[in-house]
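Please read the numbered points with the sequence and the model at hand.

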Amino acid sequence: MAPTIATAGTRVESLSSSGMTFIPKEYVRPQEELDSIGDVFEEERKYEEGPQIPIIDLKGLNSEDKEIRERCMEELNKAAMDWGVMHIVNHGIPEELLNRLRVAGKAFFDLPIEEKEKHANDQVTGQIQGYGSKLANNASGQLEWEDYFFHLIFPEDKRDMSIWPKNPSDYTEATSEYATRLRSLATDVLSALSLALGLEENRLETEVGGMEELLLQLKINYYPRCPQPDLALGVEAHTDISALTFLFTNMVPELQVFYGGKWVTAKCVEDSIVMHIGDTVEILSNGKYKSILHRGLVNKEKVRISWAVFCEPPKDKIVLKPLEELVTDSEPARFPPRTFAQHIEHKLFKKTQAALLSKE
């Protein structure tokens, strides 16, 4: 049965504020997942007991001291190889700007649902930008406990400003400034990773589309309070298809990454942005850099909001494949050539097949 468009009556926010004590069955995860879902605040408190997502200070990337630059680059390289995810600090984006984004995003989601519905997307017709909720996968029928607002923020000439909220008034200015600064940060990171791989400094950036073609897509994730957080997920386990993903939050824990055979809860680190290596860079690096499996928990105490920016190559203009410099007889190509669009289709097919097999 084909999924239907979520309406105001089926927004997760509506369910959360309805006073219900039991969540609809469509939001209940399969038993094999339920065994690993715990209380996110308790998990965060246990952070020091196990492996910890690395914290990388990027200040050294711009140092005039070659030794400091190389040390910073090596730490970034090691985190990308071992974890594929890290907290980055001294990233050059002012905390004042991040706070403006927090205020603007919260103000949008604080609007009445009827007002937010004026920005609703229409996934069935392919209009994915705008306000939405996750539609059920045809095979599994599973839903995630989140609403969101999604739109392209860079390059400027590819923006559809009719989708951007006029209320709150600072939304456009704050988001535009963040997009510009984040695009510069993406260049710095891609340059450092290229050099660490023994490549020309601009190699990875060129391979993902360069300044003109690399797309920055913003998704503001809104996770309302959940009456049964031990049964649901805000975002199910996945890897990002992007080249890089940058994420910051309203300092409510939620993110878990699958490392060393278990789920590790990300601690909230002041003034940091979480950066994920996505599938695209994993493919280009021939698996040297990891695109880590991750998911989002929910809770019954606090609303969680996160701002995720996915840096994505153009869908059909570039063929993604391991870079020839990184393919050898002892390390053959681990990924077949695909366009970004074909990679997305491949992942959706695998997910659908897995869901169908689980029902047999």
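How many cavities of 30 Å³ or more does the count come to?

1. The count comes to one cavity of 30 Å³ or more. The model is predicted, so that local features need pLDDT of at least 70 and side-chain atom pairs count only at pLDDT 80 or more, while totals for chains, interfaces and linings use all residues. Residues are numbered from 1 along each chain as its sequence is written, and side-chain values use heavy atoms, with hydrogens and water left out.

2. The term cavity needs its rule: on a 1 Å grid over the protein atoms alone, it is a set of points where a 1.4 Å probe fits but cannot get out, and lining residues have an atom within 4 Å of a point. Grid points are joined across faces, edges and corners, and a volume is the space filled by probe spheres set on the points. The largest cavity has a volume of about 160 Å³. It is lined by 18 residues, of which His87, Thr249, Lys267, Cys268 and Val274 are the closest to its centre.

3. Strand β7, residues 244–249, gives the most to this lining, with three residues. Helices (H or I, at least four residues) and strands (E, at least two) are DSSP runs, numbered from the N terminus. By class, the lining of the largest cavity holds ten nonpolar, three polar and five charged residues. In this division Ala, Val, Leu, Ile, Met, Phe, Trp, Tyr, Cys and Pro count as nonpolar, Asp, Glu, Lys and Arg as charged, and the others, Gly among them, as polar.

4. An unreviewed UniProt entry carries the annotation "domain: Fe2OG dioxygenase" over residues 214–313. UniProt positions are given in the numbering used here, feature names are shortened, and annotations may be inferred rather than shown by experiment. Over residues 214–313 the chain is 6% helix and 45% strand, and the end C-alpha atoms lie 5 Å apart.

5. Which residues of the largest nonpolar core touch the most other members? They are Ile88, Tyr178, Leu193, Leu244 and Phe246, in a core of 67 residues. Helix α7 (residues 171–196) gives the most to this core, with eleven residues. A nonpolar core is a set of buried Ala, Val, Leu, Ile, Met, Phe, Trp, Tyr and Cys residues joined through side-chain atoms within 4.5 Å. Here buried means under 20% relative accessible area, exposed over 50%, and partly exposed in between (1.4 Å probe, protein chains only).

6. Tyr178 is in contact (heavy atoms within 4.5 Å) with Ile93, Leu97, Leu98, Leu101, Phe248, Ile273 and Val309, leaving aside its neighbours within four places in sequence. There is also a second, separate core of 13 residues, which includes Ile53, Leu255, Val264 and Ala308.

7. Strand β12 (residues 304–312) contains Ser306, and Phe310 is found in strand β12 too. Ser306 counts as buried, at 1% relative accessibility, and Phe310 is buried with a relative accessible area of 17%. Not counting residues up to four places away in sequence, Ser306 touches Lys219, Ile220, Asn221, Tyr223, Leu247, Phe248 and Thr249.

8. Is Ile68 buried or partly exposed? Ile68, which lies in helix α4 (residues 66–82), is partly exposed, with a relative accessible area of 32%. Leaving aside its neighbours within four places in sequence, Ile68 is in contact with Gly60 and Ser63.

9. Some backbone features deserve a check. Most residues other than glycine have a negative phi, and most peptide bonds are trans. The peptide bond from Phe154 to Pro155 is cis, with omega near 5°, and that from Asn167 to Pro168 is cis, with omega near 10°. Pro155 is placed in the loop between β4 (147–154) and α7, and Pro168 is found in the loop between β4 and α7.

10. Positive phi values occur as well. Asp271, in the loop between β9 (262–265) and β10 (273–277), has phi near 65° and is partly exposed, with a relative accessible area of 43%. Asn286, in the loop between α10 (279–284) and β11 (294–296), has phi near 55° and is buried, with a relative accessible area of 3%.

Methods
On a 1 Å grid over the protein atoms alone, a cavity is a set of points where a 1.4 Å probe fits but cannot get out, and a pocket is an open set with protein on both sides within 12 Å along at least five of seven lines; lining residues have an atom within 4 Å of a point.
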